[in-house]
Amino acid sequence: MSNPYETLPASAFWRSAVAEPGPFDLHGLWEPKFPVKRSHRIVTAGSCFAQHIGRALAADGYGWHDAEPAPPFLEAETAKRYNYGIFSFRTGNIYTARMLNQWLELAFGNAEAFPEFWEDMEGRFFDPLRPSIEPDGFASLEECRAARARTAQALRSAVETADIFIFTLGLTESWVNVQTGMEYAACLGTSAGSFDPARHKFENQKFAQIRSALNAAIDRLKKANANLRVVLTVSPVPLTATASGQHVLTATSHSKSVLRAVAGEIAQERPIVDYFPSYEIITHPVFRGMFYAPNMRSVVATGVKTVMGHFFAEQDRVFPARNGGKRSAALPLVEPKLAKASGKKRGLSKSDVVCEEEMLDAFRPQD
Amino acid sequence: MPSARKIKRICLFGDSALAAYRHALTEGLVQLPGIEVEFFGAPGPSFRSFESLNGRIVPGPEALPALSLVNGAGRTSLGPDDFDAFLFIGARLGAADFVAAHIHLARGSGLPSRAVQEAMAYDFLIRVRAWRFARDFARHRPVMFIPTPYPTEGILDLSARNRLFAYYPRAEFATVADRARAWQMLMDVSQKSGVPLLAQPDHTVTRGVLTQARYATKDAAAKEDISHKSPEFAALMLQNWYALWQNRAKIDA
């Protein structure tokens, strides 16, 4: 008697697809829907991990688009300190779909939306949508507003002219203003602002809410640029801290599972949206956690290389002619030697990733 | 900040921009009463070989012949205690680049925050070796820096590839206010490190960030030389420096 599994490819079976090849020889993890070409203008936004993707694409000669470049003369380190060249525009990390929608509202809807700004005791001003964008805040409210307007304009121009928009979902946990509903980029009082339990509340966003927000964001992107294609990823970086009341490990599992499910469903439903499994490549048990630094949170360089190796390899496999037949540079899949070293000093992440979330760690209770 | 009161000997340190200053002094276009002047430097290619060694500016071997000619007093290195004050001239500090970039931003997408502008200015200055020399010397003696003047107009097409207006086209249409704001930013940041900059007088400037043709060096058009200026220009800058110095000496007194 025959059954539907008999005609399935080897990739459908754990033994042939995973157990036998092992972590260093996995193939076909992604079946890309559309080609990503070197000639494409690619925009990256989202959570910390999106920074790696943009950098890796640029390093391999892809057209990663910097819509808000650093002003002339800034050294690379200075530019990074002021959050230039991290994402395609100076939004800082966009951890949630709702935050992406807020930025899109500023870029394509009401430029005056979200009028809340913070002033500290020294008269410095901070943007609640990106409180760490200037390390010492802005000199005036006017300067803070003008900088936000410039970023919104850069986002608008990037979306209107891009071919590919890569968005990395990071968190479900968020902090919002009770009265206005505005979501903050980080919990108040961590990097800037002052927490007031009467005005600010914690919200662990649910599946339906995130799905709706992400669909709304994609609708907006599509309206602005009918040719735009969207690649979703989920950040493999665990939560620094949770306000959910759960253990941070289970809270991380919950958050990432919800985000992964939303991304997967939307990619199944919408032809212009694809899901690239960078999350699985870093987190799956088959890789035995080898891509994490000893803190089991930071992703080491080998992990990023492996992720991008899969990205380019699968693109080459499905769309071999996409770059005129030229294959991407041989970004190695994981090499056992490097992977082994990743648990030692040599393989540690250099903390190149700029993460507001890191601020939480600085405020954790001390032993 | 070291006092400006007792300046009897000053060193003019720089690259080939020193030539106009030498002419200005020897031709009597400017007087610096009571001040003895000595030159120390070398033209562009060998100027790059100067480096800081144990707090002194020392030439590389390739700069020694030119230095011997420029200095004429047998001095082979320069320390902060060798003179009462130092005037850095040209010395690869092309302020036009910063000013033009700043104006281009201001007249286009808008200037970044003041903090970012200050970072731009600092990163611009710190990569100029002579500015770092000046900063180090300023801890011991009064120092002032006259950056390389704006390019001279009418000699080259500055909108051509890799030239100033190709990078910063909006700078050509700068107003006096645009230019003053850009210059002030650079000056403030340099001053914070103890290195005041001496501004190019506005009446010598044209087309946003260019120097008027009347201040061109001799045969500038034939040599396609947009950098070097006339002895008259150098005299003007020295007069301005001297007036500032006198004023400061009065304040210190």
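**Exercise 1. Determine what share of chain A is buried, and describe the chain as a whole.**

Step 1. Of the 367 residues of chain A, 52% are buried, where buried means under 20% relative accessible area, exposed over 50% and partly exposed in between (1.4 Å probe, protein chains only). The model is predicted, so that local features need pLDDT of at least 70 and side-chain atom pairs pLDDT 80 or more, whereas totals for chains, interfaces and linings use all residues. Residues are numbered from 1 along each chain as its sequence is written, chains are lettered from A and ligands numbered from 1 in the order in which they are written, and side-chain values use heavy atoms, without hydrogens and water.

Step 2. Chain A contains 11 helices and 10 strands; helices (H or I, at least four residues) and strands (E, at least two) are DSSP runs numbered from the N terminus.

Step 3. The chain exposes about 16,700 Å², and 55% of this comes from carbon and sulfur atoms. Accessible areas come from the Shrake-Rupley method with a 1.4 Å probe; for residues, only the protein chains shown count as cover.

Step 4. Consider contacts (heavy atoms within 4.5 Å). Among those in chain A between residues at least 6 apart in sequence, 72% join residues at least 24 apart.

**Exercise 2. Place A:Phe311 in chain A and state which residues it contacts.**

Step 1. A:Phe311 belongs to helix 9 of chain A.

Step 2. With a relative accessible area of 2%, A:Phe311 is buried.

Step 3. Leaving aside neighbours within four places in sequence, A:Phe311 is in contact with A:Trp30, A:Val36, A:Leu57 and A:Phe276.

Step 4. A:Phe311 and A:His40 are 271 residues apart in sequence, and 15 Å apart in space from C-alpha to C-alpha.

**Exercise 3. Describe how helix 5 and helix 6 of chain B pack.**

Step 1. Two packed helices are described by the angle between their axes and the distance between the axes.

Step 2. Helix 5 (residues 114–126) and helix 6 (residues 129–137) of chain B meet at an angle of about 95°, with axes 7 Å apart. Axes are lines fitted to C-alpha atoms, for helices over the stretch in contact, and angles run from 0 to 180 degrees between N-to-C directions.

Step 3. Helix 5 of chain B is therefore roughly perpendicular to helix 6 of chain B: angles of 65 to 115 degrees count as roughly perpendicular, under 35 as roughly parallel, over 145 as roughly antiparallel and the rest as oblique.

Step 4. B:Tyr122, B:Leu125 and B:Ile126 of helix 5 of chain B make the contact with B:Trp131, B:Arg132 and B:Arg135 of helix 6 of chain B.

**Exercise 4. Describe the interface between chain B and chain A.**

Step 1. The contact takes 18 residues from chain B and 13 residues from chain A.

Step 2. The area buried between the two chains is about 1,300 Å², of which carbon and sulfur atoms give 63%. Buried area is the accessible area (1.4 Å probe) that two parts lose on being put together, summed over both.

Step 3. B:Val116, B:Asp123 and B:Arg127 supply 32% of the area that chain B buries against chain A, more than any other three residues.

**Exercise 5. Locate B:His102 and decide whether B:His102 is buried or exposed.**

Step 1. B:His102 lies in helix 4 (residues 95–106) of chain B.

Step 2. B:His102 has a relative accessible area of 0% and is buried.
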